Amino acid sequence: MIIQALAFYLFAAVTVLSGAMVITARNPVHSVLFLVLAFFSAAGLFLLIGAEFVAMILVIVYVGAVAVLFLFVVMMLDIDFAELRTGLLRYAPIGALVGIVLLIELVVALVSWKGASEATANLAVPTPPASTTQNAVAIGELIYTHYAYLFQAAGLVLLVAMIGAIALTLRQRPGVRRQKIANQNAVQPADVAEVRKVASRGGI
Amino acid sequence: MTALPDFAPAIPEIVLAVASLALLLVGAFKGDGSTRLVSWLGTAALAVVLVLVWANTGDKALTFGGMFIADRFASFAKCLILIASGITLVISQDYLKLERMDRPEYAVLVLLATLGMLMLVSANDLMSLYLGLELMSLSLYVVAAFRRDAVKSSEAGLKYFVLGALGSGLYLYGASLVYGFTGTTSFTQIATTVGNGPSIGLIAGLVFVMASLAFKVSAVPFHMWTPDVYEGAPTSVTAFFAVAPKIAALCLMVRVLVGPFGPLVDQWQQVVVFISLASMILGSFAAVVQKNIKRLLAYSSIGHVGFALVGLASGTEEGVRGVLAYLAIYLFMNLGTFACVLAMKAGGRMVEDIKDLSGLSRTNPLMALCLAAFMFSMAGVPPLAGFFGKLYVFMAAVHAGLYALSIIGVLASVVAAYYYLRVVKIMYFDEPAEAFDRGQSGVIRFVMAASAVIIAIVIPLALQPMTHAAQAAAATLFLG
């Protein structure tokens, strides 16, 4: 029990600290690396509450794919991060104001959230007992059975994002010579080479 | 083994989804030369779906675990949306070619946006609402920026995207509060839970949801993006923006407020009254100084949203009937007007200043007559359809005891009449400017004339059947 508690505080502290470092680090590459650390410790937190499937997905998808993608983008795009921060001080007060208002609202809402007897009684899909259902099974049941409609709709949304990205950025540049493997393979010796008789002391 | 859900109520949506995927393939394999073909096939698909919706109209049917609802209200809204999308697709073809943005993806994106709108008006769950909203908005962001080599178009797309994303964020925040306080995302269950009395958190959630919906219908104070986006987006896209998404979002707003949050009418009524008042007033006054016809129509559409919301503010069945009738009339007025704007082509390029219309009555009398009919109708001059739309919403407001709202609304519409009639004055009494190019496509002329006939003759004569249909649609929301 004590080990579990220790692990929790370790992971939680690392998550929060690395989260703070993500937005304060000067070097954007360091930010992304701290993001990876935050993902890892969040995965640890998931493991502690028995959600091993989500923990693994977090590592595989977020660390393995998303964060690496971020890293590429940060390294390849020439963004002047110092310039991006110039407006920060000017806009910070109004941002903080909006944030505080939202926070107060949340606190008020939380205070008036009395026991939530109605809310728990209403839960559309109650959590199945952890002892009888594996969490991969439970997630699969939710996504592919209960929410099949939403799953398909989300697929369409992603499709639109893809069409949009291609339609807005793909340009056919004229005069670019592309490699066409089929043409290369179809080349006959006669097309590209010819045998000439070279006269002595002459030349071509 | 779970049984498959009942697909019958969602057949129109499924057909539209499959059709847009098929057209995407056609476009991808046949290249940019297939734009016209894809456009016409897309219009045909929308027509088929319209027939399916019509044939599917019936009593309330729930499917996909209660997340999708098909009822008379949804059918009415879907018919309007499909007509709007189909016609804008047809009238934009020549424009796309002229502005060299004729790529097949355009029609596909319009189809997918329409699919999102259909899902939106059929949403019966906070989650299906969100996905419909995103599908619609994401497609709209892309088509707004579709003329990618024009700075204004890219700016419009980007602006719309950033503010739209903020709107979606507000919605998610509100929806999570609603979920936290009711424990459910289903509209049916929210209605029963809310009936036990409101809590502060729930009301906060409701306000956030309303704010995000006001973003989507561009009601004041969430209207800032509208004029810039309408002006910057390609005209054919503006025509699309001004009609179909507005109808979808307004119908959605009606469904959300009257359905799950119906018992909280005292709480949301004041918000709707404020939004409606502010939209009417700003739409009327800010449009007076506009020089660009697309900006003028943007402010005009903000005003129209305000008028339509008057009906919702009354919170009664009569009010909802008024909103639906108003939207049906708005559809034809705006499609006709935008057909005219798409015909404003001088010297081989598009013009969009109001003063370019000078003396139109002498250079192109038919177009001037049609545009005058639309302007009079938008101003609400009696024998034309626009008058009846306003009449229904204000009647409902008066019956609900909202006298101040009605009086200010009528006064605002007087101010609005000034700028509508100014367009008529410029067309009929100013010295002719450069004449517009002849040889507009037959389709645009047909849409222009047909909308004018519908506004001036068909709707005033056929008010009875139209209000009857709107009445039947509104009644389904109040059955409980």
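Here is a short chat about how some words get attached to parts of this predicted model.

Reader: How do you know what can be trusted and how things are numbered here?

Author: This is a predicted model, where local features need pLDDT of at least 70, side-chain atom pairs count only at pLDDT 80 or more, and totals for chains, interfaces and linings use all residues. Residues are numbered from 1 along each chain as its sequence is written, chains are lettered from A and ligands numbered from 1 in the order in which they are written, and side-chain values use heavy atoms, with hydrogens and water left out.

Reader: What does pLDDT say about chain B?

Author: pLDDT is the predictor's confidence in each residue, from 0 to 100. Chain B averages 88, and 99% of its residues score at least 70. The model itself gets ipTM 0.89 and pTM 0.88.

Reader: Why is B:Ser279 called buried?

Author: Buried means under 20% relative accessible area, exposed means over 50%, and partly exposed is in between (1.4 Å probe, protein chains only). B:Ser279 has a relative accessible area of 0%, so it is buried.

Reader: What does B:Ser279 touch?

Author: Touching, or contact, means heavy atoms within 4.5 Å. Leaving out residues up to four places away in sequence, B:Ser279 touches B:Ala219, B:Val220, B:Ile302, B:Gly303 and B:Gly306. A polar atom of the B:Ser279 side chain also lies 3.1 Å from the backbone nitrogen of B:Val220.

Reader: Where does B:Ser279 sit?

Author: In helix α12 of chain B, residues 265–287. Helices (H or I, at least four residues) and strands (E, at least two) are DSSP runs, numbered from the N terminus.

Reader: Why does B:Ala470 count as buried?

Author: Its relative accessibility is 0%, so B:Ala470 counts as buried too. B:Ala470 is in helix α20 (residues 463–478) of chain B, and touches B:Phe76, B:Arg321, B:Leu324 and B:Ala325, again not counting residues up to four places away in sequence.

Reader: Over in chain A, is A:Asn135 buried or exposed, and why?

Author: Buried, because its relative accessibility is 19%. A:Asn135 lies in α7 (residues 135–146) of chain A.

Reader: Then why is A:Leu71 called partly exposed?

Author: A:Leu71 has 21% relative accessibility, so it counts as partly exposed. You'll find A:Leu71 in helix α3 (residues 52–76) of chain A. Not counting residues up to four places away in sequence, A:Leu71 touches A:Val29 and A:Val32.

Reader: How many helices and strands does chain A have?

Author: Ten helices and zero strands. As for burial, 18% of the 204 residues of chain A count as buried.

Reader: What makes something a cavity?

Author: On a 1 Å grid over the protein atoms alone, a cavity is a set of points where a 1.4 Å probe fits but cannot get out; lining residues have an atom within 4 Å of a point.

Reader: Which residues line the largest cavity?

Author: B:Leu140, B:Tyr160, B:Lys216, B:Trp225, B:Tyr230, B:Phe241, B:Pro245 and B:Lys246. The largest share of that lining, three residues, comes from α11(B).

How values were computed: 1 Å grid on protein atoms, 1.4 Å probe; cavity = no way out; pocket = protein on both sides within 12 Å on 5 of 7 lines; lining within 4 Å. Polar contact = N/O pair within 3.5 Å; in protein donor to acceptor, adjacent residues only side chain to side chain.
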